[in-house]
Amino acid sequence: MSDNNNAMSKLNELKKTVFYELLNVMGRVFVIVRYSEDVKVGTRGFLKTEKENGLVLVFNAKMNFTWDADGLIAAKLVFGTKQEDCLIPVEHIIAVYSPELQTQFVTTYTAEVQNSAASLSEAVPVTEKEGDPEDKEDVPAATESDNKILKVDFSKKKKKK
């Protein structure tokens with residue numbers, strides 16, 4: 001196995017570890033998936049802005065999904081009122097985060113990004129994909145700084161009384 005393949009394999013395993021640790025601690029985890037023809041989001045597909053910025057997906061501990069040994073996540077996710085069969089190869093996950101823990105793991109280290117120097121410009125707004133209605137809360141806002149570092153604001157917004 002080449003050094004690059006070994007590094008990619010270790011990075012993908014790290015994504016999986018971070019994913020499951022956040023899921024175990026908080027009961028849900030957010031991931032940002034970059035557009036690729038390898039990523040299947042049922043018949044819905046990616047919207048134009050999601051193709052440019054990535055698609056935010058929410059997984060919770062009550063969901064029935066699998067993460068196989070080859071690094072493929074298979075899940076049924078809900079978009080609005082429609083359930084879609086999704087297949088997400090781990091190499092296309094560019095961020096794993098938890099707003100409750102104010103924690104994020106972001107990577108742009110992929111063969112395509114490494115060769116083309118492309119980067120994630122900003123995250124798209126989250127629509128709750130799966131889970132209980134009480135899990136729904138304001139979406140973390142993402143902004144882009146001058147140096148192209150993804151910053152996610154995890155602060156809670158106060159509700160007007």
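This is a predicted model: local features need pLDDT of at least 70, side-chain atom pairs count only at pLDDT 80 or more; totals for chains, interfaces and linings use all residues.
Reader: Why is Leu14 called partly exposed?

Author: Leu14 has a relative accessibility of 39%. Buried means under 20% and exposed means over 50%, with partly exposed in between. The value for Leu14 falls between these cut-offs, so Leu14 counts as partly exposed.

Reader: Where does Leu14 lie?

Author: Leu14 is part of helix α1, which covers residues 3-26. Phe105 is 91 residues away from Leu14 in sequence, but their C-alpha atoms are 9.6 Å apart in space.

Reader: What makes the span of α1 close to the expected one?

Author: The expected span is 1.5 Å times one less than the number of residues. For the 24 residues of α1 that gives 34 Å, and the helix reaches 34 Å from its first C-alpha to its last. After α1 comes Gly27, with a positive phi near 90°.

Reader: Which residues of α1 are buried, and what covers them?

Author: The buried ones are Met8, Leu11, Asn12, Lys15, Val18, Phe19, Leu22 and Leu23. Their cover includes the strands β1 (28-33), β3 (55-60), β4 (65-67), β7 (93-98) and β8 (103-106).

Reader: How many helices and strands does the protein have, and in what order do they run?

Author: There are three helices and ten strands. From the N terminus on, the order is α-β-β-α-β-β-β-β-β-β-α-β-β. Of the 161 residues, 39% count as buried.

Methods:
Residues are numbered from 1 along each chain as its sequence is written. Side-chain values use heavy atoms; hydrogens and water are left out. Helices (H or I, at least four residues) and strands (E, at least two) are DSSP runs, numbered from the N terminus. Buried means under 20% relative accessible area, exposed over 50%, partly exposed in between (1.4 Å probe, protein chains only). Contact means heavy atoms within 4.5 Å.
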